[in-house]
Amino acid sequence: LEAPVSGSKGPAEQGTLIFLTGGDKQLFDSASPALDVMGKAKFFLGEAGKGAQMKLVVNMIMGSMMASFAEGIVLAEEIGLEKEDLLEVIGLGAINSPMYNLKGPNMIQRSYPTAFPLKHQQKDLRLALQLGEKLAQITPMAAAANELYKASKAGGNGDADFSAVLEALLNRRPNGN
């Protein structure tokens, strides 16, 4: 039984992970009580490998969302908007996301306490892109996001939280800050 998780350090400590399992269904059923203690949800996704594939898809979406969020923070700042106002508007609108609420305040301070390392996010994007290529499925948004993660990793942010993708954008500005 494979059981990759969706969730990082905080959800692991709080027992709110999401288990993405694949493999033997009977083994899943017998392991379910233990998974229930450690997580808020569990999914049996079929044969072994499906849990890992689901995690790649989820992390591909998450990485693309964070890269777009970082891009918005930089653009808002460049046109003279208050970053705090941007966070509040996003938090009140249809695109509100727990991820933005959690990461945004630190991002606008250029602080990236690690919950999910950027180097792992970039690896997952790379693997998702490889999976898409194998299936002849185009993934242009993930490909663009991956380039930003690669740039941020090359800039020394690999061990920082994946929200440090913001640094790749800040470092590409004419004044570099």
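Residues are numbered from 1 along each chain as its sequence is written, and side-chain values use heavy atoms, with hydrogens and water left out. Because the model is predicted, local features need pLDDT of at least 70 and side-chain atom pairs count only at pLDDT 80 or more, while totals for chains, interfaces and linings use all residues.

The secondary structure comprises 8 helices and 3 strands, where helices (H or I, at least four residues) and strands (E, at least two) are DSSP runs numbered from the N terminus. From the N terminus on, the order of elements is β-α-β-α-β-α-α-α-α-α-α. Along the principal axes, the C-alpha atoms fill a box of roughly 60 × 35 × 30 Å. Of the 177 residues, 38% are buried; buried denotes under 20% relative accessible area, exposed over 50%, and partly exposed the range in between (1.4 Å probe, protein chains only). Among contacts (heavy atoms within 4.5 Å) between residues at least 6 apart in sequence, 61% join residues at least 24 apart.

Helix 4 (residues 83-92) has Lys-83, Leu-87 and Ile-90 as buried residues. Seen down the axis of helix 4, these buried residues fall within an arc of 65°, so they line one face of the helix; the arc is that of the directions from the helix axis to the C-beta atoms. The face turned away from the buried side of helix 4 carries the exposed residues Glu-88, Val-89 and Leu-92. The packing partners of the buried residues of helix 4 are helix 3 (50-78) and helix 5 (98-107).

In helix 5, the buried residues are Met-99, Tyr-100, Lys-103, Gly-104 and Met-107. They cover an arc of only 115° around the axis, which puts them on the same side of helix 5. In general, an α-helix has 3.6 residues a turn, so residues three or four places apart point the same way. Pro-98 and Leu-102 are exposed on the other side of helix 5. Helix 3, helix 4 and helix 8 are the elements against which the buried residues of helix 5 pack.

Ser-163 lies in the loop between helix 7 and helix 8 (165-170) and counts as buried, at 2% relative accessibility. Not counting residues up to four places away in sequence, Ser-163 touches Met-66, Lys-103, Met-107 and Tyr-112. Ser-163 and Met-66 are 97 residues apart along the chain, whereas their C-alpha atoms are separated by 6.5 Å.

Helix 6 (residues 118-134) and helix 7 (residues 140-157) pack at an angle of about 145°, with their axes 9 Å apart. The axes are lines fitted to C-alpha atoms, for helices over the stretch in contact, and angles run from 0 to 180 degrees between N-to-C directions. The crossing of helix 6 past helix 7 is left-handed, that is, the near helix is turned anticlockwise from the far one by less than a right angle.

Most residues other than glycine have a negative phi. Arg-110, in the loop between helix 5 and helix 6, has a positive phi of about 55° although it is not a glycine; Arg-110 is partly exposed, with a relative accessible area of 37%. Ala-136, in the loop between helix 6 and helix 7, likewise has a positive phi, of about 60°, and counts as exposed at 71% relative accessibility.

Phe-44 belongs to strand 3 (residues 39-44) and is partly exposed at 28% relative accessibility. Its contacts, not counting residues up to four places away in sequence, are with Thr-21, Gly-22, Gly-23, Asp-24, Lys-25 and Phe-28. Phe-44 and Ser-64, 20 residues apart in sequence, are 25 Å apart in space, C-alpha to C-alpha.
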